[in-house]
Amino acid sequence: MGQGPLTGLRVVEMAGIGPGPFCAMMLADHGADVLRVERPGQSWPLPIGPRIDPLNRGRAVVTLDLRTDADRDALFRLTDRADALIEGFRPGVMEKLGFGPEALLARNPRLVYGRMTGWGQDGPLARMAGHDLNYAGLTGAIAAMGPADRPPPPPLNLVADFGGGAMMLAFGMLAALLEARSSGRGQVVDAAMVDGTSLLMTMFHGLRAVGGWSERRNDNLLDGGAPFYACYETADGAHLSVCPIEPPFFAALLDRLGLTGDPEFQAQYDRGTWPRMRERLAAIFRGRTRHAWAEHFAGSDACVAPVLTIPEAPAHPQAHDRGGFVERGGILQPQAAPRLSRTPATAGGPPREIGRDEALSAWDA
């Protein structure tokens with residue numbers, strides 16, 4: 001158990017993959033006592049095992065066979081003492097097991113019951129299988145990303161799994177837990193990735209409503225259509241992110257590139273100038289290595305930064321100086337976020353397996 005702002009909060013996590021564990025990790029990083037419940041022989045489709053997966057850090061793990069009376073009773077006793085529960089099964093699975101919200105809230109009225117699904121607890125797709133790309137695809141987010149002349153690329157599983165799913169579930173559970181302090185009553189948090197990802201798209205619905213967003217990919221200000229919001233290849237085959245959207249920052253870019261006063265760069269927001277502007281910038285950035293450009297733009301407001309690979313990111317001075325990465329169990333991984341000044345969060349160690357009796361005695365205290 002950690003020492004962050006959620007110290008004293010007890011959470012039962014029904015083991016799964018992806019957004020459920022990410023939500024549980026965030027709670028554990030901030031001090032919650034999260035107990036991960038796995039079933040015997042549970043299979044894992046990912047190439048990293050659950051005992052070393054950083055998403056499972058900072059919590060104890062107990063294996064319970066819910067086909068046995070002793071282990072079913074153990075789970076009931078744990079949820080009776082818990083403040084919250086996280087589950088990421090299809091709708092109806094927990095009810096079939098006898099641990100649905102109605103059953104658990106009858107025993108523990110203050111329990112916050114967090115449910116993580118792709119489609120939500122109801123609707124015509126609720127019981128269908130799916131993954132991050134499916135859920136994000138239904139929201140308009142995927143259709144808005146990528147080059148215009150090829151299918152949209154999968155944006156890893158950051159959009160629906162972690163952004164629209166796990167973080168929304170964490171926020172909803174903390175909101176419900178805060179409310180339960182005054183009411184003494186828990187409730188169900190229905191976190192659907194389609195809902196959360198749709199919410200992430202709020203700004204783009206607003207832009208579209210006023211004619212500020214084209215349905216054609218790679219044709220808008222924030223989707224790579226603008227030459228001043230794009231990535232460019234450098235002489236060594238690496239890339240730079242270049243995004244001086246505001247005129248003062250664009251002026252800083254032009255100054256560093258020696259383009260101040262160049263007639264082809266005077267009308268920043270004139271779409272007719274964008275193709276030629278992009279050609280010029282691409283040719284210029286191919287003239288030096290990524291490192292050389294990073295040094296050239298150091299200290300400026302031109303909004304230019306190197307595009308780093310996953311292994312390069314921890315070594316960057318910004319990450320290094322802020323302690324942005326830590327080693328736990330032999331794996332270098334991101335430190336907990338966000339940062340609190342008085343009760344800071346911290347990434348916990350690898351998951352620790354305990355027995356049923358140890359789990360019960362820890363929470364019976």
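Q: What makes the space of about 100 Å³ in this predicted model a cavity rather than a pocket?
A: A cavity is a set of points where a 1.4 Å probe fits but cannot get out, whereas a pocket is an open set.

Q: Which residues line the largest cavity?
A: Its lining has 13 residues, and I17, W44, L46, D53 and N56 lie nearest the centre. By class, the lining of the largest cavity divides into seven nonpolar, four polar and two charged residues.

Q: How do you know that the second largest cavity belongs in the count?
A: The count takes cavities of 30 Å³ or more, and it comes to two. The second largest cavity holds about 40 Å³ of space, so it passes that cut-off.

Q: What makes R328, G329 and I331 lining residues of the second largest cavity?
A: A lining residue has an atom within 4 Å of a point of the cavity, so each of these residues has such an atom. Others in this lining include I52, D53, P54 and R57. The classes here are five nonpolar, two polar and three charged.

Q: Why are strand 10 and strand 11 called a pair?
A: Pairing needs at least two bridges, and four bridges join strand 10 (residues 325-328) to strand 11 (residues 331-334), so they pair. The two strands run antiparallel, and E327 stands opposite L332 in strand 11.

Q: What lies between strand 10 and strand 11 in their hairpin?
A: Two residues lie between the strands, and G329 in the turn has a positive phi of about 60 degrees. G329 is also one of the residues lining the second largest cavity.

Q: How do you know that strand 7 and strand 8 pair?
A: Four bridges join strand 7 to strand 8 (residues 239-242), and at least two are needed, so they count as paired. They run antiparallel, with E233 opposite H239 in strand 8.

Q: Why do strand 7 and strand 9 stand at the edges of their sheet?
A: The open sheet has three strands in the order 7-8-9, with antiparallel pairing. Strand 7 (230-233) and strand 9 (304-306) each have a single partner strand, so one side of each is left without a neighbour in the sheet. From one strand to the next, the twist averages 30 degrees.

Q: What makes helix 10 a neighbour that touches strand 7 and strand 8?
A: Contact means heavy atoms within 4.5 Å, so helix 10 (residues 274-285) has such atoms for both strands. Helix 10 packs on the sheet, and its direction makes about 45 degrees with that of strand 7.

Notes. Residues are numbered from 1 along each chain as its sequence is written. This is a predicted model: local features need pLDDT of at least 70, side-chain atom pairs count only at pLDDT 80 or more; totals for chains, interfaces and linings use all residues. Side-chain values use heavy atoms; hydrogens and water are left out. Axes are lines fitted to C-alpha atoms, for helices over the stretch in contact, and angles run from 0 to 180 degrees between N-to-C directions. On a 1 Å grid over the protein atoms alone, a cavity is a set of points where a 1.4 Å probe fits but cannot get out, and a pocket is an open set with protein on both sides within 12 Å along at least five of seven lines; lining residues have an atom within 4 Å of a point. Ala, Val, Leu, Ile, Met, Phe, Trp, Tyr, Cys and Pro count as nonpolar, Asp, Glu, Lys and Arg as charged, and the others, Gly among them, as polar.
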